[in-house]
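Look through the sequence and the structure below before reading on. The notes after it take one topic at a time.

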Amino acid sequence: MARIGVFICHCGENIGRTVDCAAVSAAAAKMPGVVVGMDYKYMCSDPGQQMIRKAIIEQKLTGVVVGACSPRMHERTFRAAAAEAGLNPYLLEMANLREHCSWVHSNQAEATQKAIDLVRVMVAKVRRNRPLRPIRVPVEPTALVVGGGIAGIQAALDIAAGGKKVVLVESGPSIGGHMARLSETFPTLDCSQCILTPRMVEAASHPNITLMTYSEVASVEGFVGNFTVTIRRKARYVDPAKCTGCGDCFNKCPIKKIPNEFDAGLGLRRAIYVPFPQAVPNKPVIDAAHCTMLQKGKCGLCAKVCPRGAIDYQDQDRLEKVKVGAVVLATGFQLWDHAAYGEYGGGRLRDVIDGFAFERLASASGPTAGLIKRPSDGKEPKTVVFLQCCGSRDDKVGKKYCSKICCMYTAKHAMLYRHKVHDGRAVVFYMDVRAAGKGYEEFVRRAIEADGAEYVRGRVSRITRRRDGKLVVLGADTLAGRPVTIDADLVVLADAVVPRPGSEKLAQLFGVGYDQDGFYSEAHPKLRPVETAAAGVFLAGACQAPKDIPETVSQASAAAAKVLGLFAKPELEREPVIARVNRTTCAHCRACISACPYGAAKDFDIVDRAGKVLRAVADVNEGLCQGCGTCASVCRSHSVDLDGFTDEQIHAELNAL
Amino acid sequence: MSGTKEHALAKAARETAGVVLSECYQCGKCTAGCPMARYMDLSPNQIMRLAQAGDDAALERLLGCEALWYCVGCLTCAQRCPRKLDPAAVMDLLREMAHRRGKIPAAARKVLAFHKAFLDTVEHGGRMAEIPLVLRYKMKSLDLLGDVMLGPVMLAKRKLPLLPHRIRGRGEVRRIFKKCREEHRP
C-alpha cells in the first residue's frame with residue numbers, strides 16, 4: 001500500500017507569489033495514496049529538509065513528491081535528505097512548480113490549478129517507482145593533459161605531485177607554449193624563460209609524467225573514469241631514443257631559409273630543427289614540407305652527419321592508445337590575423353608587427369639578441385606606436401570581446417622599449433586601460449610616469465608607408481578632441497586573442513561545448529569555471545577565454561585539484577538511470593545495438609551450466625550506458641526499458657493529467 | 001530598445017539616420033580618419049558624444065557649431081567605424097536641424113551659400129555646371145575676389161568649361177525640387 005508524502009515549497013516568493021501553495025498541498029493530501037501534504041517557505045533549507053525526514057520516519061512513507069524548483073537545481077539535495085531518513089533516494093521525485101509554472105504564468109488561479117496537475121502527475125509516477133542503487137564504475141587513475149603550454153605543464157606537474165600518472169600531449173615539437181616566446185612578464189618583469197624552463201625540465205623528467213610531443217588527439221572513446229584516447233604520434237623522422245641532441249644535423253642542413261614560427265617569422269630555421277635552444281625535449285624533428293629528401297629524395301645530409309644513426313626518412317605517423325580517467329584541455333590561444341584591417345596595411349607592411357614579434361625582438365634569445373630592430377631595414381626605431389584593441393571590441397572585422405591581456409602587455413612593451421632605446425618615443429593608442437589585477441594599475445602608471453610612455457586615448461584610423469620608410473599613423477586624441485598624426489618607425493598591433501585552430505574539432509571529440517568565438521564553455525560561469533558539460537573533462541588556460549599567466553596557472557592548478565579529487569576514490573558513483581533488457585522477451589533483432597550512440601548495447605549469450613549457448617539476446621553495459629533511451633524507443637518487442645523512466649511510469653504520468 | 005528612455009535626438013538619429021547613438025563607444029576612429037577634423041571646432045567623436053547626451057545644452061552646442069558645416073560627407077568615418085555607425089549621417093541630420101532653426105554661425109555662412117548655389121545650379125540646368133556655380137556662389141557669399149587666381153589655373157587645366165552642359169529632362173528635375181520643397185515645408 002502506497003504511503004506518499006507531498007511537500008510544496010514557496011521558494012520565498014518565487015513560487016508563492018503566483019501559486020497558492022497551501023491550496024496545492026491541501027489538494028495533494030486528498031490524492032490517492034497520499035498520506036501527508038505540507039507546504040513551507042524554503043523546503044531546501046535545513047528546517048524544510050527536516051520536515052521531509054521527520055514525515056518519512058513518522059508516517060512510514062514509501063514515496064515522496066517535492067513540488068519546488070527544477071530537479072536540476074535540488075533533486076540531489078532532496079534525495080540526499082530522503083536517504084538520511086532511510087528511504088531509497090530514487091523513491092523521491094520533484095514536480096517543477098517554479099520554471100514550469102510560477103515563473104511563466106501570472107494568473108494565480110490557473111497557475112495553482114496547473115501546480116496541482118503537476119503534483120498529481122508526479123504522485124502517479126512515484127507510486128510506480130522502484131528502489132534503485134547507484135552504479136559503481138572503476139576509475140583509471142591516469143590523467144590526460146592536452147596542450148604543453150604553461151597551463152598544461154602546471155596541471156601536469158600538480159597532478160603528478162599528487163601521486164597520479166599524467167600523459168602530457170603537445171602538438172608541437174617542444175613543450176613551453178607561448179610563454180617560452182615571451183621576453184619578460186608583467187607586472188614584475190621576470191624573465192619568462194627563467195621562470196618557465198625549469199618547469200619544462202621538471203615536467204619532462206617527472207617519473208609520473210609521460211611526455212608525448214609532436215602528437216595530437218585522434219579519437220576518444222569511453223566516459224569519465226574510463227576514457228580510451230588514441231594519440232597520433234606524428235612522424236619526427238628522428239628517433240628520439242637514439243638522438244642525443246648534439247645539433248650536427250641542423251647545423252649541416254642546407255635548407256636554411258624557412259621563417260621560424262617560434263620567432264613570429266622574424267628569424268630563420270632549417271628543415272631539420274629544434275624550435276628554440278631551450279626546447280624540451282631538445283631533439284630535432286624534420287619539417288617534411290620543406291625537406292628536399294622527403295619531398296624529392298635528394299640530399300640526405302643529416303643522415304650522413306648523424307653520429308648515432310638517428311635519422312629515419314621512412315618514419316610514419318603512429319597511433320597509440322592510452323587509458324585515462326580524466327582529461328584537462330589546455331590548448332591555449334593564438335593571435336588574430338590583422339590582415340583583415342586594410343587600413344592598417346592588411347598585413348603587407350613589414351614594420352607593422354604583432355605583439356609576439358615584438359616579444360621576440362625584445363627577447364635576449366630572439367633573432368636580434370634583444371636589440372630592438374625593425375624588420376624592414378634592421379634600423380633601431382626611434383618612434384614606436386602601439387595600438388591596443390586591434391581586432392578586439394570590433395565586431396565589424398574582428399571580435400566583439402575584450403582580449404583582456406593586451407592593455408598589460410602593451411604597457412610592458414612600451415616600458416621595455418624605453419628601457420632599451422633611451423632616446424626613443426613610445427606612443428600608445430588606447431580606448432580604455434583595463435588594468436584590474438594585483439600590481440597591474442601601478443604597472444601601467446609606471447610605464448607612463450617613470451618610463452615616459454605617451455598614452456593617447458583614441459583609435460587609429462589608418463597607417464600608410466611614406467617613401468622615406470616612415471609609417472604615417474593617423475590617430476585621434478578624443479580627450480582633446482583632435483586628430484593626431486605620428487610619423488612612426490615601427491607599429492605594434494595588440495591583436496585579439498583567439499582560440500587555436502582545430503580547437504573546435506577537439507571539443508567535438510571530447511563532447512565539450514564552445515562559444516561562437518570557439519572558446520571552450522565551462523559548466524557554469526561562476527560556480528563551475530573549471531569543469532565542462534562533459535564529465536571528467538576539465539579546462540585550463542586561454543582555451544576557455546583570454547587569460548594572462550597568473551590566471552592560467554591558477555586555473556591549471558584548479559583543474560589539477562579537480563582531477564585529483566576524482567582520482568581520490570577508487571570507484572565513481574553514477575546515476576542508475578540506464579537501460580535494462582528483458583531477456584525473456586528480447587528477440588535479438590539487434591536494433592538497439594546498432595542504434596546505441598555509446599556502444600553500450602551489445603550481444604549476450606545465455607548459456608546453460610555446461611556452457612552451451614541456449615539463446616542470444618541484447619545486453620547493456622552499465623558503465624557505458626548514458627540513459628539516453630534511444631534503445632528503448634527502437635525496440636520492436638518493448639523489451640528495453642529505462643530505469644527511473646519506465647514505460648509504465650510515463651503512462652501513469654500521462655493518465656494522471 | 002524596450003525599457004530604455006530615448007531622447008528626441010536619439011529617436012531622430014535612429015529613425016532618419018539609422019544610427020543608434022548609444023552604440024557609440026567613443027573610440028575616436030571617426031576623428032582619426034576625418035580629413036576635415038583639424039578645421040572643426042568640435043571633433044566628430046565629440047559631436048557623437050554630445051548627441052548621445054542630447055540635452056538642451058548639448059543641442060545648443062551642436063546646432064551652433066561650425067564643424068557640422070565642414071563635414072564633406074566623404075564617409076571615411078562610417079567606413080571605418082568599428083560599431084558599424086554612420087557619424088556623417090548624424091552630421092546631415094544635425095545640419096538640417098540647424099538650417100531649419102536658422103541660426104547659422106558666421107563662419108559657416110559661406111558653406112551654406114555654396115550648398116545653395118550648387119542646388120540652384122542643378123535646379124536651373126538639370127546638372128552641375130562650373131561657371132554658373134561660381135557666379136551664383138559669388139553673388140550669395142559676396143566673396144567676389146576670393147580664390148580668383150584659381151580661375152586661370154583651372155581654365156588652363158580644362159577644369160572650368162565655359163559653356164554649361166544642359167540636360168534634356170530639366171523640367172523633371174525642377175519638379176523634383178518643387179516636390180522636395182513641398183514635403184519639407186514646416
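What follows is a short briefing on chain B, its interface with chain A, and some backbone features of chain A.

This is a predicted model, in which local features need pLDDT of at least 70, side-chain atom pairs count only at pLDDT 80 or more, and totals for chains, interfaces and linings use all residues. Residues are numbered from 1 along each chain as its sequence is written, chains are lettered from A and ligands numbered from 1 in the order in which they are written, and side-chain values use heavy atoms, with hydrogens and water left out.

**Chain B**

- Chain B has eleven helices and zero strands; helices (H or I, at least four residues) and strands (E, at least two) are DSSP runs, numbered from the N terminus.
- Along the principal axes, the C-alpha atoms of chain B fill a box of roughly 60 × 35 × 30 Å.

**Helices α1 and α7 of chain B**

- The axes of α1 (residues 8-17) and α7 (residues 87-101) of chain B come within 10 Å and cross at roughly 115 degrees. Axes are lines fitted to C-alpha atoms, for helices over the stretch in contact, and angles run from 0 to 180 degrees between N-to-C directions.
- In α1(B), the residues B:L9, B:A12, B:A13, B:T16 and B:A17 meet B:A89, B:V90, B:L93, B:L94 and B:M97 of α7(B); contact means heavy atoms within 4.5 Å.
- This contact of α1(B) with α7(B) has nine nonpolar residues, one polar and no charged. Ala, Val, Leu, Ile, Met, Phe, Trp, Tyr, Cys and Pro count as nonpolar, Asp, Glu, Lys and Arg as charged, and the others, Gly among them, as polar.

**Interface of chain A and chain B**

- The contact takes 23 residues from chain A and 20 residues from chain B.
- About 1,600 Å² is buried between chain A and chain B, 48% of it on carbon and sulfur atoms. Buried area is the accessible area (1.4 Å probe) that two parts lose on being put together, summed over both.
- The rule finds one salt bridge across the interface, where a salt bridge is a side-chain nitrogen of Lys or Arg within 4 Å of a carboxyl oxygen of Asp or Glu.
- B:K29 and A:E343 meet through their side chains in a salt bridge (2.8 Å, N to O).
- β25 (471-477) and β26 (482-488) of chain A each supply at least two residues of the side that touches chain B.
- That side of chain A divides into eight nonpolar, six polar and nine charged residues.

**Backbone of chain A**

- Most residues other than glycine have a negative phi, and most peptide bonds are trans.
- The peptide bond from A:F186 to A:P187 is cis, with omega near -5 degrees, and A:P187 is in the loop between β8 (184-185) and β9 (190-191) of chain A.
- A:L189 is in the loop between β8 and β9 of chain A and has a positive phi of about 60 degrees although it is not a glycine.
- A:V280 and A:P281 are joined by a cis peptide bond with omega about 0 degrees; A:P281 lies in the loop between β15 (272-273) and β16 (285-286) of chain A.
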